[in-house]
Every structure is written in structure tokens, then in C-alpha cells.
Amino acid sequence: MPTIPVSNSECGGGCGGAPSAGTRRDFLKQGAKALGASVATIILCDMTDLTKMAEASGATPQRANLFADGYDWTKHSYVYLVDIRKCIGCGSCVRACSRENNVPPAHFRTWVERYRVSRSGEAVIDSTNGGMDGFEPSQTGLDITKAFFFPKLCCHCTHTPCVQLCPVCASYRTVDGVVLVDETRCIGCGYCVQACPYGSRFIHPETHTASKCTLCYHRITKGMTTACVQACPVEARMLGDMKQVGDKVAEIIATQRVLILQPELLTDPNCYYLGLTKEAR
Amino acid sequence: MEHAKHIIRAVLLLVIAATVFVLARHFAIPASFGEYGPYRSASVTEHAAREPMHGEADSCAGCHADEVDFKAEGKHAKLSCESCHAQLSVHVHNDQKVGDMPIPKPIEACGWCHEKLRARPEGFPQIVLADHVAENGETMTDSVCLECHNAHNPSE
């Protein structure tokens with residue numbers, strides 16, 4: 001019967017003779033030290049982060065250098081104003097938004113609805129392709145006594161239902177008052193799409209993440225206005241900043257009879273409407 | 001100290017549990033999360049870093065000052081060039097021309113604003129396109145509007 005050679009490693013460092021004595025023990029010791037050190041580093045780093053977070057939860061604004069280009073988001077608070085009485089329903093805003101933000105076909109970050117209301121209060125509401133191709137004259141079969149266009153977009157609510165229920169903290173509201181989606185975190189569950197009472201969110205058909213109006217955050221942080229506001233030929237849409245002295249929109253909000261959509265929901269929207277009527281909802 | 005080893009075991013377990021928690025937390029939470037609130041603040045700068053597609057109100061005047069001035073004199077003064085044409089990015093990038101600016105079909109683009117609709121505000125100039133073309137003895141084509149109007153300054 002042939003003998004099977006037994007390697008030293010099989011019986012560990014204890015029985016293998018002088019060269020390998022204590023090898024495993026040393027290895028384990030070194031390993032434990034390295035592991036301990038890395039864990040300690042991680043814990044220390046996290047402790048520093050936690051301290052930062054504790055500071056951040058205080059009233060004082062935190063690191064001012066979040067934006068490399070010198071934009072200071074603590075100095076802005078954006079509001080939006082739509083004057084329904086001025087809107088001509090041309091759809092320029094919808095086309096501009098779509099091109100600016102590469103919005104997928106048949107999805108809209110802003111859109112225009114047409115309301116045609118009869119004396120008895122019956123309303124015909126349409127928004128073919130979000131109003132992107134304008135509106136066609138059409139028959140309603142009703143005796144129309146009131147008609148208007150109703151542009152819509154994300155209201156950038158102060159108390160946002162969509163942010164509150166996001167299970168992965170992908171939706172948030174910035175310090176300057178814009179509700180955004182972190183597409184790298186969004187899992188596309190669609191809760192926010194259901195939660196938004198204004199219908200302003202959708203699931204992007206390609207990325208499968210929630211998508212919505214960003215108030216052209218890439219433009220407003222560079223001192224530009226939003227694509228939709230710039231495109232509007234009749235100034236039915238205006239972007240304002242409550243923290244700017246002498247802001248035109250802030251002045252209108254302060255002096256005129258502006259309304260918000262669905263105030264009963266207590267979402268505290270930052271999109272204000274002039275000329276809103278009871279049928280518009 | 002008869003039962004010391006029980007205490008040591010319990011403490012050891014606690015230390016292991018705490019370590020596992022801290023490690024799990026470290027690897028589960030993305031960088032920059034929680035700096036300003038329960039979100040990844042790098043996402044804010046990612047949004048802000050996107051390149052604008054539409055130019056600013058005066059972007060076109062850099063090369064087309066004559067057209068811009070001509071438009072500014074007329075009733076289309078408040079109409080953005082990009083509203084009828086397209087976003088600046090298809091035409092210019094880094095001050096270099098990258099493509100032609102599209103020109104829309106006048107009958108379509110004029111109609112977006114001026115086709116008569118009940119919902120448009122009264123006082124805004126509107127016409128029934130077909131009737132207007134017929135009344136002026138023209139035949140309906142894509143560019144029939146340009147027979148009488150200049151799109152950049154329509155009263156001309």
C-alpha cells in the first residue's frame with residue numbers, strides 16, 4: 001500500500017517543523033490588525049460625516065461651495081407664475097421643454113390643456129400631444145360660454161407628497177426650492193408618480209426612473225431662465241425668485257389675487273396662477 | 001471572576017454587531033448622502049452641470065444682429081427665435097456652427113399662435129387660416145403666409 005504524502009499545511013503551523021511554525025497564527029494576527037485598522041478608519045470617517053450631518057441639521061447654512069461656479073442656493077427661492085388669461089395655447093413652452101430636456105415622446109414635463117366650458121358647467125378638456133403641436137379648432141357639441149388654456153407643470157411644492165414617500169430617498173427638494181429626482185438612486189417604483197396630485201411625474205420609458213420638471217435647474221443655476229418661460233411669446237409664464245429684492249413675480253404674488261392648485265391638499269405649491277377659475281383643476 | 005468569560009462573550013458580540021452595523025452603513029450609504037438632507041447632494045450638482053440646449057435671449061444677435069433688430073421692431077419682438085426654429089444647440093456649439101437651423105413650415109408655425117380658437121384670449125390676432133388665404137386670393141400651400149407677411153416682422 002503506497003503511502004500518501006501529507007503536506008505540512010494540512011496540520012497547520014503547529015506540527016510542520018521550524019520553517020512554518022506559527023505561520024497561520026502570524027497570518028491571522030496580521031490579518032486581524034489590518035482588518036481592525038480599516039474598520040477603525042471607516043468608523044472614524046463615518047463619525048466625522050455624522051458630526052457634519054449634525055451641524056448641517058442646525059439653522060445655519062452648510063458648506064457654501066456645493067456649486068463650483070459660485071452659485072449660492074441659499075440666496076434663491078424660486079417661484080413660478082402662470083397667467084391663464086394670457087395663454088394663447090401655442091405650445092411653444094411644451095416644444096421648448098421637450099427639446100431642452102430631451103423629454104421622451106408622448107411624455108411631458110409641462111403641458112397645456114384646453115378647457116371649454118358650457119353654461120351648465122359641462123367642461124370639455126383636451127390636450128392632444130400635450131399641446132406640443134398646438135390646438136386644432138374642433139366641435140364640442142356644447143354651447144361654450146367660457147374657454148381657456150391651462151398650462152401645467154410641477155408645482156415644486158414646499159410640502160411634497162412625492163418626496164415624502166420615496167422609499168430610496170431619490171426625490172428631494174433643494175435649498176432653493178426645486179423638487180428633483182436623483183436618477184442614480186431611483187428604482188422606478190412609481191410611488192411618486194401616483195402620489196403627485198398634479199400629475200407632473202412620469203416613469204421615463206428608457207431609464208425606467210421617475211422624471212419630472214427640474215425647473216431647468218441646469219439653466220436657472222447659471223442665471224438663465226427656464227426654457228418654457230423663454231419660449232412663451234405672451235409672458236403667460238414667469239419665473240420668479242422670492243429672495244430677490246424687487247422681483248416681478250414676488251411683487252405680483254404680494255399684490256394680486258394669485259391662486260394655487262388644490263390648496264386643500266396642503267402641499268403648499270410654489271407655482272401660482274392668475275385667472276384661475278373653478279373648472280380648472 | 002468565575003463568570004468573566006460570559007461577560008467577555010457578550011461584550012465581544014456587541015462589538016461585532018456594532019462593527020457589522022457600521023460597516024454595512026458605510027457601504028450602503030452613497031457618498032455625499034445626507035450632507036444637506038436625506039438625499040445625495042452630488043445629484044444637485046449633476047443636475048446643475050447639464051449643458052443648456054436653448055441659448056439666452058440675446059444669443060442669436062451675436063451673428064444675426066440685423067434679423068434680431070428687424071424682429072425687435074415688429075409685433076414678434078417678444079417671440080423667441082428658438083420658438084419657431086429650434087434650440088440653439090443644433091446650430092451652434094462652442095461658438096462653432098454645427099448645423100443648419102431648421103425653418104418650420106410657415107402654415108404650421110403661424111397656425112400654432114394665429115389659427116382662430118375659442119380658447120385664445122380675445123384681442124390676440126387670430127384668423128381662420130383657410131378663410132384668410134381664400135379671402136386674399138391665394139392658394140393654400142405650406143408657405144402661403146410668406147406671400148404677404150414677413151415671419152420676423154409680420155406687419156412688413
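Chain B exposes about 10,100 Å², of which carbon and sulfur atoms supply 60%; accessible areas come from the Shrake-Rupley method with a 1.4 Å probe, and for residues only the protein chains shown count as cover. The model is predicted: local features need pLDDT of at least 70 and side-chain atom pairs count only at pLDDT 80 or more, while totals for chains, interfaces and linings use all residues. Residues are numbered from 1 along each chain as its sequence is written, chains are lettered from A and ligands numbered from 1 in the order in which they are written, and side-chain values use heavy atoms, with hydrogens and water left out.

Chain B holds 6 helices and 2 strands; helices (H or I, at least four residues) and strands (E, at least two) are DSSP runs, numbered from the N terminus. Read from the N terminus, the order of elements in chain B is α-α-α-α-β-β-α-α. With a radius of gyration of 32 Å, well over the 15 Å that the globule rule gives for 156 residues, chain B is more spread out than a compact globule. The radius is taken over C-alpha atoms, and the rule is 2.2 Å times the number of residues to the power 0.38. Along the principal axes, the C-alpha atoms of chain B fill a box of roughly 115 × 40 × 25 Å.

Three domains divide chain B: domain 1 (4–49), domain 2 (53–101) and domain 3 (104–156), with bounds from an automatic or database domain assignment. Between the C-alpha centres of domain 1 and domain 2 of chain B the distance is 51 Å. In chain B, the mean positions of the 13 positive and 22 negative charges lie 16 Å apart. Lys and Arg count as positive and Asp and Glu as negative, whereas His and the chain ends are not counted; each charge is placed at NZ of Lys, CZ of Arg, CG of Asp or CD of Glu.

Of the 156 residues in chain B, 30% are buried, where buried means under 20% relative accessible area, exposed over 50%, and partly exposed in between (1.4 Å probe, protein chains only). In chain A, 48% of the 281 residues are buried. Chain A contains 7 helices and 10 strands. Contact means heavy atoms within 4.5 Å. Among contacts between residues at least 6 apart in sequence, residues at least 24 apart account for 62% in chain A and for 35% in chain B.

Helix H2 (residues 92–101) of chain A is mostly covered, with 10 of its 10 residues buried. Among them are A:Ser92, A:Cys93, A:Arg95, A:Arg99 and A:Glu100. The cover over the buried residues of H2(A) includes strand S2 (110–118), helix H5 (217–220), helix H6 (227–231) and strand S9 (237–241) of chain A, together with helix H4 (81–84) and helix H5 (106–114) of chain B. After H2(A) comes A:Asn102, which has a positive phi, near 50°.

A positive phi of about 45° is also found at A:His156, although A:His156 is not a glycine. This residue sits in the loop between strand S4 (144–153) and helix H3 (161–164) of chain A, and A:His156 is buried, at a relative accessible area of 3%. In chain B, B:Ser32, a residue other than glycine, has a positive phi near 70°. B:Ser32 belongs to the loop between helix H1 (4–28) and helix H2 (42–49) of chain B and is buried, with a relative accessible area of 19%.
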